[in-house]
Amino acid sequence: MEDVFSRKDDSLYSNPYSFLRLPMVKDPRDTAADLVVLGMPYDMATTGRSGTRLGPDAIRRASVNLAWEGFRYPWPFDLRERCNIVDAGDLIFTCGDSEDFLNMATSAANDILTTGKAMLTLGGDHFVTLPLLRAHHAKHGEMALIHFDAHTDTYSQGSKYDHGTMFYHAPKEGLIDPSASVQIGIRTDYDRDHHAFNVICAEAANDMTPDEIANHVKALVGGKPAYITFDIDCLDPAFAPGTGTPVIGGITSDKALRILRGLRGINLVGMDVVEVSPPFDNSEITALAGATIATELLHLWASK
């Protein structure tokens, strides 16, 4: 008789502790992992509705709906057979202390990256991308940013901890090259006369095919190390209502997935999915969108 405690769990509801039911480790630095999933349950930089500190947990729980697949459609390989991925749980930092979060996030990412591993980070609000870019820059040098969002997040008037200022600071620090970077799905105001990033606004993205968008992005990025950051509010609220600053007129979840698949061949070195806010979600559809996009990112990285 099969041992009940060694039986593989393929259910869609039980034991949703790790992303895609991947092995859980407390300290990933000394493991043989190729990539580490790390949650950052931080939302103190939010300017709208808070709640994204609960995002990593919700994304993990939703990921059990995807974990049973061996081959993730339409990718032609089994992710677990191609690479070794572990889930290191959530970053631990002093609750209510943004400076401690910033220090811990940068330190954790540096420690993981210097061991030769890659990272997929689950937010949290979008501010978490700034310490991640600093750590990835220390490893890979100046990067191209592929940024899915409704907002450019290049605003200069925000505070030190603000989820709308990361891409104002990142180019000034030399972390990313705006001329090789692209922002997709933008549909809020920004200073067009002094905006260094390439932009595919939501109206254009909705009129273009996924392949047209992907090919344009690849031409801009070239061979530079690329970091993908996916703010879930890039999707129209019909597909992702559970976010702090929803904006109608976004792209569909299907288009987002097909754009990511079309990016095969880029030099992808880091990635995150941010701004999933469970308190405003309906039937967990935003969490499922976040989990699916994160899974797609893993396959895109593994396809190298």
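Predicted model: local features only at pLDDT ≥ 70, side-chain atom pairs only at ≥ 80, totals over all residues.

I noted that the largest pocket holds about 360 Å³ of space. It is lined by 14 residues, and Lys26, Pro28, Leu38, Leu91 and Ala108 are the closest to its centre. Strand S2 (85-90) and helix H3 (98-113) are the elements that give two or more residues to this lining. By class I found 8 nonpolar, 1 polar and 5 charged residues in the lining of the largest pocket.

I then turned to the second largest pocket, with about 270 Å³ of space. Of its 16 lining residues, Thr154, Tyr155, Tyr168, His194 and His195 lie nearest the centre, and by class the lining has 8 nonpolar, 5 polar and 3 charged residues.

Is Thr129 buried or exposed? I found Thr129 in helix H4 (residues 129-140), and its relative accessible area is 0%, so I recorded Thr129 as buried. Its side chain makes a polar contact with the side chain of Asp272 at 3.0 Å, and, not counting residues up to four places away in sequence, Thr129 also touches Phe167, Tyr227, Thr229 and Val274, among others.

Arg264 sits in the loop between helix H8 (253-262) and strand S8 (267-274), and I recorded Arg264 as partly exposed because its relative accessible area is 46%. The side chain of Arg264 reaches the backbone oxygen of Arg261 at 2.9 Å. Leaving aside neighbours within four places in sequence, I listed Trp75, Lys218, Leu300 and Ser303 as contacts of Arg264.

Notes. Residues numbered from 1 in each chain as written. Heavy atoms only, no water. Helix = DSSP H or I, 4+ residues; strand = E, 2+ residues; numbered from the N terminus. Buried < 20%, exposed > 50% of the residue type's maximum accessible area, 1.4 Å probe, protein only. Polar contact = N/O pair within 3.5 Å; in protein donor to acceptor, adjacent residues only side chain to side chain. Contact = heavy atoms within 4.5 Å. 1 Å grid on protein atoms, 1.4 Å probe; cavity = no way out; pocket = protein on both sides within 12 Å on 5 of 7 lines; lining within 4 Å. Points joined across faces, edges and corners; volume = space filled by probe spheres on them. Nonpolar A, V, L, I, M, F, W, Y, C, P; charged D, E, K, R; others polar.
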